[in-house]
Amino acid sequence: VLASLIDLRFLAGEAAVMENLEQRLTTEVFPAQAAAFAVWLGKANEARGRTYGDAGGMLEPELKNGLGGLRDWHQVRWLLRLDPRCERDGRLLADDLEALDNDARFVLTVRLHLHRLCGRKNDKFYFEFQERVAEAMGFGQRGDRKAVERFLSQLLRRMADIKALRLSVWPLLAGGVGAIDLDAPARPVSEGIEEAPEGLRFTAEVTDTAAAELVFPLFAACAATGRPPSHDTLRRLRAMAGELGRLAGVSPRTGRMIYDSLGEIMVADVTGAAMDAVMASGILRAVLPEFARVEDLVSYDVYHVHPVGRHSLEAVRLLSEIRAGGPSRAKALLAGLPRPELAYWGLLLHDVGKGL
């Protein structure tokens, strides 16, 4: 009910009635309920993940309630509306919010076509409707890639971006309504890196030049703690991705450091938080252009559940889970390898030849 009232807008009738309601909600209801509402949404997101899965990584996504679906877009708008500092935070997040709105409009258009084809409300995007929606959205075949595969690649990339943005701005918005204490002291993790209420970040004295040396220690901290980088840190990482990719290609020492570091991170990343951050930051595709080519590639058949990028990261995560889990034949085999990190590299790269 509160969410519906946050979305209140005037259509017709006595405008003064609605204006009075809106004014009273803003002064009497929203400030008292905002923090509890954010906590409730956070718990609901955990349930959404268990019930509907990660929409940006599934070939039959749930367009509304899947993680990365329209509900993520709604939540960002709701919390921003409840945030007493909404004007300041809106300016701070202006570029991100514009990208979010563009991605959400694409998903919403897909959902409208799906409802039209089904003749009823249905948010599960089953295979049987995907080719017709791709055609309705104006996608055509390009080279040997089917129209539906090009369409799904874009849809899933947009949904993955929606989820990543909601996760990265969540602490800022939840802090704005009092659900998280953003002023709580940060905990040192390693030199130049700390764990703050909004996520992992570089310490205040770390310049951008110094941060470039700490990128992979930061991802290692993600693997160790299961916490993602903060929104501002993720923005800094994206700005560094291109230069790291260039250095990986021209400097053997830097290339070796990057690939050794990624090997260690994959081995330790049981929750998947670190490799998710490596991909969300754009660093994975920057240092591995072969992976970038297939990251959003979709194989349109009944056997594949994920696009190639998500499928590869999930395979790596499952191997880390086996390594950290109870005794098993697979764990013993992995422990017996002289260089177990090569098994992780094999999984990460096992599909890079697809589509060639």
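Reader: Quick one to start: is L172 buried or exposed?
Author: L172 is buried, because its relative accessible area is 17%. Buried means under 20% relative accessible area, exposed means over 50%, and partly exposed is in between (1.4 Å probe, protein chains only). Keep in mind that this is a predicted model, where local features need pLDDT of at least 70, side-chain atom pairs count only at pLDDT 80 or more, and totals for chains, interfaces and linings use all residues. Residues are numbered from 1 along each chain as its sequence is written, and side-chain values use heavy atoms, with hydrogens and water left out.

Reader: Ok, and where does L172 lie?
Author: L172 lies in helix α7. Helices (H or I, at least four residues) and strands (E, at least two) are DSSP runs, numbered from the N terminus.

Reader: Which residues does L172 touch?
Author: Not counting residues up to four places away in sequence, L172 touches R85, D89, L92, L93 and L182. Contact here means heavy atoms within 4.5 Å. As for D83, L172 is 89 residues from it in sequence and 9.8 Å from it in space, C-alpha to C-alpha.

Reader: You mentioned L93. Where is L93 found?
Author: L93 is in the loop between α4 (86-92) and α5. L93 is buried, because its relative accessible area is 2%. Leaving out residues up to four places away in sequence, L93 touches V169, L172, L173, H231 and R235.

Reader: New topic: which residues touch the most other members in the largest nonpolar core?
Author: Those are F37, L63, V110, F125, F151 and L155, out of 49 residues in that core. A nonpolar core is a set of buried Ala, Val, Leu, Ile, Met, Phe, Trp, Tyr and Cys residues joined through side-chain atoms within 4.5 Å.

Reader: Which elements give two or more residues to this core?
Author: They are α1 (2-6), α2 (15-52), α3 (70-82), α5 (94-118), α6 (127-136) and α7 (147-176). The most comes from α7, with 14 residues.

Reader: And what is F37 in contact with?
Author: Setting aside neighbours within four places in sequence, F37 is in contact with L2, A3, I6, W78, L79 and L82. Apart from that core lies another core, of 41 residues, with L218, A221, A248 and Y344 among them.

Reader: Why would nonpolar side chains be buried together?
Author: In soluble globular proteins, nonpolar side chains tend to be buried together.

Reader: Let's look at α9. Which of the residues in helix α9 are buried?
Author: Helix α9 covers residues 215-225, and its buried residues are V215, F216, L218, F219, A221, C222 and A223. After α9 comes G226, whose phi is positive, near 75°.

Reader: How do the axes of α9 and α11 cross?
Author: The axes of α9 and helix α11 (residues 252-268) cross at roughly 5° and come within 9 Å. That makes α9 roughly parallel to α11. The contact is made by F216, F219, A220 and A223 of α9 and M257, I258, S261, L262, I265 and A268 of α11. Axes are lines fitted to C-alpha atoms, for helices over the stretch in contact, and angles run from 0 to 180 degrees between N-to-C directions. Angles under 35 degrees count as roughly parallel, over 145 as roughly antiparallel, 65 to 115 as roughly perpendicular and the rest as oblique.

Reader: What about V278, which residues does V278 touch?
Author: V278 touches F219, L262, I283 and L284, not counting residues up to four places away in sequence. V278 lies in helix α12 (residues 273-280), and V278 is buried, with a relative accessible area of 0%.
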